[in-house]
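The sequence and structure come first.

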Amino acid sequence: MKLTTEQITQIEETLVLNGLNYDDIKLEVTDHIASEIEFLMEENGLSFDENLKIVLEKWKPQLQPSFSGLIGFTNPRIMTAKCHKIVKRQLLIVISISALIAVSLLLFARNASYVTVPTNIQQVLKSFVLAEFCSVVLAWGLIQTSKRQTTYSYLMKKKSLGLIIFLFMLGIGLFPVRLNHQDAKIAFVSVFFAIIYVLLTGIYLQLAYKHFQFEKKLSNL
């Protein structure tokens with residue numbers, strides 16, 4: 001038995017009342033709940049409202065407020081789990097790649113034939129960071145004007161301020177990249193953190209892209 005448009009709307013409104021107001025995950029959960037209700041209505045012969053209560057009781061743990069060490073206090077557990085998974089995967093990838101790139105750059109710079117190589121690398125990195133800074137600010141502005149809310153825009157908004165500030169500091173030299181510092185540990189740490197933020201910027205721009213991709217998908221429905 002297929003649910004009516006009004007019944008689907010009722011499910012969505014109930015989810016919003018339970019704090020699930022981000023369109024991508026709300027659409028996903030609505031589909032699951034609607035399918036379960038349709039199945040139950042064919043099996044037990046109860047009304048839509050009665051089966052809605054049964055299904056919502058099953059989903060109740062997933063709709064409870066929750067906490068993540070990576071995200072903080074956030075919305076229902078199902079959204080927290082999705083955001084936590086995204087951020088955890090990002091951090092593992094970024095840290096691993098950043099360490100590899102930092103070591104490679106240090107070895108290259110310290111063994112280069114020309115003494116200007118470290119300075120040239122630092123200038124290229126600063127220019128690239130300033131370009132990323134402009135891209136993040138633009139993406140953040142577009143996210144703010146978007147009519148839709150998604151888990152992607154949520155993460156973008158939650159993490160963008162710190163990212164924007166650090167990229168600006170890195171781009172204008174307030175946080176210097178010290179490739180040619182005599183202490184290898186200091187040189188590594190400065191390069192490592194710079195690369196981390198460069199890679200994080202790419203990931204957060206990807207989040208913005210996924211948000212607008214989903215927004216376009218909804219507009220075509």
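## Basis

This is a predicted model: local features need pLDDT of at least 70, side-chain atom pairs count only at pLDDT 80 or more, and totals for chains, interfaces and linings use all residues. Residues are numbered from 1 along each chain as its sequence is written, and side-chain values use heavy atoms, with hydrogens and water left out.

Two packed helices are described by the angle between their axes and the distance between the axes. Axes here are lines fitted to C-alpha atoms, for helices over the stretch in contact, and angles run from 0 to 180 degrees between N-to-C directions. Helices are DSSP runs (H or I, at least four residues), numbered from the N terminus.

Helix α2 spans residues 23-44 and helix α4 spans residues 77-110. They pack at an angle of about 125°, with axes 11 Å apart. α2 and α4 are therefore oblique to each other. The angle classes are as follows: under 35 degrees is roughly parallel, over 145 roughly antiparallel, 65 to 115 roughly perpendicular, and the rest oblique. α2 passes α4 in a right-handed crossing. Right-handed means that the near helix is turned clockwise from the far one by less than a right angle; anticlockwise is left-handed.

On the α2 side, D24, I25 and V29 take part; on the α4 side, I78, M79 and K82. Contact means heavy atoms within 4.5 Å. The residues of this contact divide into four nonpolar, no polar and two charged. Ala, Val, Leu, Ile, Met, Phe, Trp, Tyr, Cys and Pro count as nonpolar, Asp, Glu, Lys and Arg as charged, and the others, Gly among them, as polar.

## Helix α2 against α3

α2 also packs with α3, at an angle of about 125° and with the axes 9 Å apart. α2 and α3 are therefore oblique to each other. The crossing of α2 and α3 is right-handed.

From α2, the contact uses V29, H32, I33, E36, I37, L40, M41 and N44. From α3, it uses F48, N51, L52, I54, V55, L56, K58 and W59. This contact of α2 with α3 divides into 11 nonpolar, three polar and two charged residues. I33 touches I11, L15, L52, V55, L56 and W59, leaving aside neighbours within four places in sequence.

## The nonpolar core

In soluble globular proteins, nonpolar side chains tend to be buried together. Which residues of the largest nonpolar core touch the most other members? They are I11, L20, V29, I33, I37 and L155, out of 57 residues in that core. A nonpolar core is a set of buried Ala, Val, Leu, Ile, Met, Phe, Trp, Tyr and Cys residues joined through side-chain atoms within 4.5 Å.

α1 (5-17), α2, α3 (48-59), α4, α5 (117-145), α6 (151-172) and α7 each supply at least two residues of this core. α7 gives the most, with 12 residues.

## Buried polar and charged positions

S190 is found in helix α7 (residues 184-219). S190 is buried, with a relative accessible area of 6%. Buried means under 20% relative accessible area, exposed over 50%, and partly exposed in between (1.4 Å probe, protein chains only). Not counting residues up to four places away in sequence, S190 touches F175, P176, V177 and R178.

T201 is also in α7. T201 is buried, with a relative accessible area of 0%. With the residues up to four places away left out, T201 touches E132, V136, L163 and L167. T201 and V94 are 107 residues apart in sequence and 10 Å apart in space, C-alpha to C-alpha.

Apart from residues up to four places away in sequence, D24 touches K82, Q149, T150, T151, Y152 and F214. D24 and H211 are 187 residues apart along the chain, and their C-alpha atoms are separated by 8.8 Å.

## Partly exposed positions

V103 lies in helix α4. At 40% relative accessibility, V103 counts as partly exposed. V103 and Y204 are 101 residues apart in sequence and 24 Å apart in space, C-alpha to C-alpha.

K158 lies in helix α6. K158 is partly exposed, with a relative accessible area of 37%. K158 and K216 are 58 residues apart in sequence and 22 Å apart in space, C-alpha to C-alpha.
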